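Subject: Structure for you to look at

Hello,

Here is the structure I said I would pass on. Please open it first, then read the notes below with it on screen.

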Amino acid sequence: MESSAGEITQLLLQWQQGSPKAFEELIPVVYPHLRRIAASYVRGAGEPGGLQATALVHELYLRLVNQKKADWNDHAHFYAFSAKVMRMILIDHARGRLSQKRGGTAQHVPLNDQIPWVEIGNESMLDLNTALEELKELDPPKVQLVELRYFLGCTIEEAAEVMGISVATANRDLKFVRSWLFERIEASKNNATKKP
């Protein structure tokens, strides 16, 4: 993350203390990183009316600015929260698209190359959300790791740093979670096709 962690943390603390100016200064500092992440989610989607990277970041901005009480401990906490919000925006977008049109000729774009069975704007995003909610009941830190890595676009090193774990542990946990999510999502698909 290109900006100074100390600069971001300082702005977050000022925002937490009620300074709206701090939020205005924070956004340009974090925007390039968030915009790159959003662009990676929507690249190649290219369908008319599809979610655009700028729109995704702006929706994140609106949700952040509407936070009644910004309770940020540091830059890591802010990015973890941003990852959760981005996940919810993508889930909402998938629900909206599915309510308008099922299947069809829509181009399929994976959320991340490491979890290619989950596609943006597809029913698999909803299945992923359900699986993550189930995993959250069992192991919340693993869900946070998934959000940081696949929704916020952190490198494995950045995600490990935010989580306060070693890179080896992060790699091991992500390997486990990918397998676990694949099994849950495939089981969900199989159950859906068996229903009359």
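A residue is called buried when its relative accessible area is under 20%, exposed when it is over 50%, and partly exposed in between (1.4 Å probe, protein chains only). By that rule Leu-135 is buried, because its relative accessible area is 2%.

Two points on how to read the rest. This is a predicted model, in which local features need pLDDT of at least 70, side-chain atom pairs count only at pLDDT 80 or more, and totals for chains, interfaces and linings use all residues. Residues are numbered from 1 along each chain as its sequence is written, and side-chain values use heavy atoms, with hydrogens and water left out.

The whole protein

The protein has eight helices and zero strands. Helices (H or I, at least four residues) and strands (E, at least two) are DSSP runs, numbered from the N terminus. Read from that end, the order of elements is α-α-α-α-α-α-α-α. The protein has 196 residues, and 44% of them count as buried. Its accessible surface is about 10300 Å², with 52% of that belonging to carbon and sulfur atoms; such areas come from the Shrake-Rupley method with a 1.4 Å probe, and for residues only the protein chains shown count as cover.

Contact here means heavy atoms within 4.5 Å. Among contacts in the protein with a separation of 6 or more, 64% are between residues 24 or more positions apart.

Helix H5 and its partners

Two packed helices are described by the angle between their axes and the distance between the axes. For helix H5 (residues 123–138) and helix H6 (residues 140–151), the angle is about 145° and the axes are 6 Å apart. The axes are lines fitted to C-alpha atoms, for helices over the stretch in contact, and angles run from 0 to 180 degrees between N-to-C directions.

Which residues make the contact between H5 and H6? On the H5 side they are Met-125, Leu-128, Leu-132, Leu-135, Lys-136 and Leu-138, and on the H6 side Pro-140, Lys-142, Val-143, Val-146 and Phe-151. Sorted by class, this contact has nine nonpolar, no polar and two charged residues. The classes are nonpolar (Ala, Val, Leu, Ile, Met, Phe, Trp, Tyr, Cys and Pro), charged (Asp, Glu, Lys and Arg) and polar (the others, Gly among them).

Leu-135, the buried residue mentioned above, lies in helix H5. Leaving aside neighbours within four places in sequence, Leu-135 is in contact with Pro-140, Lys-142, Val-143, Val-177 and Trp-180. Leu-135 and Val-177 are 42 residues apart along the chain, and their C-alpha atoms are separated by 8.8 Å.

Asp-127 is also found in helix H5. Is Asp-127 buried or exposed? Asp-127 is buried, with a relative accessible area of 16%. Not counting residues up to four places away in sequence, Asp-127 touches Ile-185, Ser-188 and Lys-189.

Salt bridges

Side chains of opposite charge can pair when their charged atoms come close. A salt bridge is counted when a side-chain nitrogen of Lys or Arg is within 4 Å of a carboxyl oxygen of Asp or Glu. How many salt bridges does this rule give? The count comes to five.

One of them joins Glu-25 and Lys-21, at 3.0 Å from N to O. Both residues lie in helix H2 (residues 20–42), four residues apart, about one turn of the helix. Glu-25 is partly exposed at 34% relative accessibility, while Lys-21 is exposed, with a relative accessible area of 53%.

Glu-134 forms another with Arg-184, where the closest N and O atoms are 2.9 Å apart. Glu-134 lies in helix H5 and Arg-184 in helix H8 (residues 167–194), so this pair ties together parts that are 50 residues apart in sequence. Glu-134 counts as partly exposed at 35% relative accessibility, and Arg-184 counts as partly exposed at 30%.

Asp-173 forms a salt bridge with Lys-142, and the closest N and O atoms are 3.9 Å apart. Asp-173 lies in helix H8 and Lys-142 in helix H6, so the pair ties together parts that are 31 residues apart in sequence. Asp-173 is buried at 17% relative accessible area, and Lys-142 is buried at 15%. Asp-139, Lys-142 and Asp-173 are linked in a network of salt bridges.

Regards
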